[in-house]
Amino acid sequence: MFHFLEGTTTSTPTPDPMGGLLGMLPMLIACIAIFYFMLIRPENKRKKEAEQMRSSLRNGDRITTIGGIQGVVVDVKSDKFVIETGADQVRIEFAIWALSTNDTAAEKAKEEAKKAAEERAKMKADKKMKK
């Protein structure tokens with residue numbers, strides 16, 4: 001029998017612990033960046049939009065609360081607002097954070113977007129006519 005490895009020692013190289021950490025660092029940074037752009041940033045944007053909507057609340061706006069109650073705003077205070085619901089004119093006071101949607105502002109935004117789209121279409125048509 002032949003023993004080729006007889007008398008020789010085979011040692012495996014010991015892994016460098018810092019090399020593994022440095023190899024994982026780019027992946028860790030990429031995960032943090034993805035987490036920020038996918039979760040944190042959109043949530044902050046939603047909070048800012050909700051705060052802006054609540055601060056722009058005016059008398060006469062049609063709104064919906066987070067509980068689903070719909071009505072017309074009759075009075076706005078710094079941290080509360082009063083709405084009037086239905087034909088029997090029941091008035092209910094809510095905390096400002098209970099505001100879910102401002103239907104009046106949403107309708108105005110839709111109208112403005114529609115007008116802007118019509119203007120763009122008109123400008124495009126004028127450019128084609130000039131050619």
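Predicted model: local features only at pLDDT ≥ 70, side-chain atom pairs only at ≥ 80, totals over all residues.

Setting aside residues up to four places away in sequence, D103 touches R62, I63 and T64, where contact means heavy atoms within 4.5 Å. Residues are numbered from 1 along each chain as its sequence is written, and side-chain values use heavy atoms, with hydrogens and water left out.

D103 lies in helix α2, residues 103-130, and helices here are DSSP runs of H or I with at least four residues, strands being E runs of at least two, numbered from the N terminus. Although D103 and I63 are 40 residues apart along the chain, their C-alpha atoms are separated by 5.3 Å. D103 is partly exposed, at a relative accessible area of 26%; buried means under 20%, exposed over 50%, and partly exposed in between, using a 1.4 Å probe and protein chains only.

I63 also belongs to the largest nonpolar core, which has ten residues, among them M53, F81 and A98; such a core is a set of buried Ala, Val, Leu, Ile, Met, Phe, Trp, Tyr and Cys residues joined through side-chain atoms within 4.5 Å. Beyond its neighbours within four places in sequence, A98 is in contact with T65 and I66.

Stepping back, the protein chain follows the pattern α-β-β-β-β-β-α, and 15% of its 131 residues count as buried.
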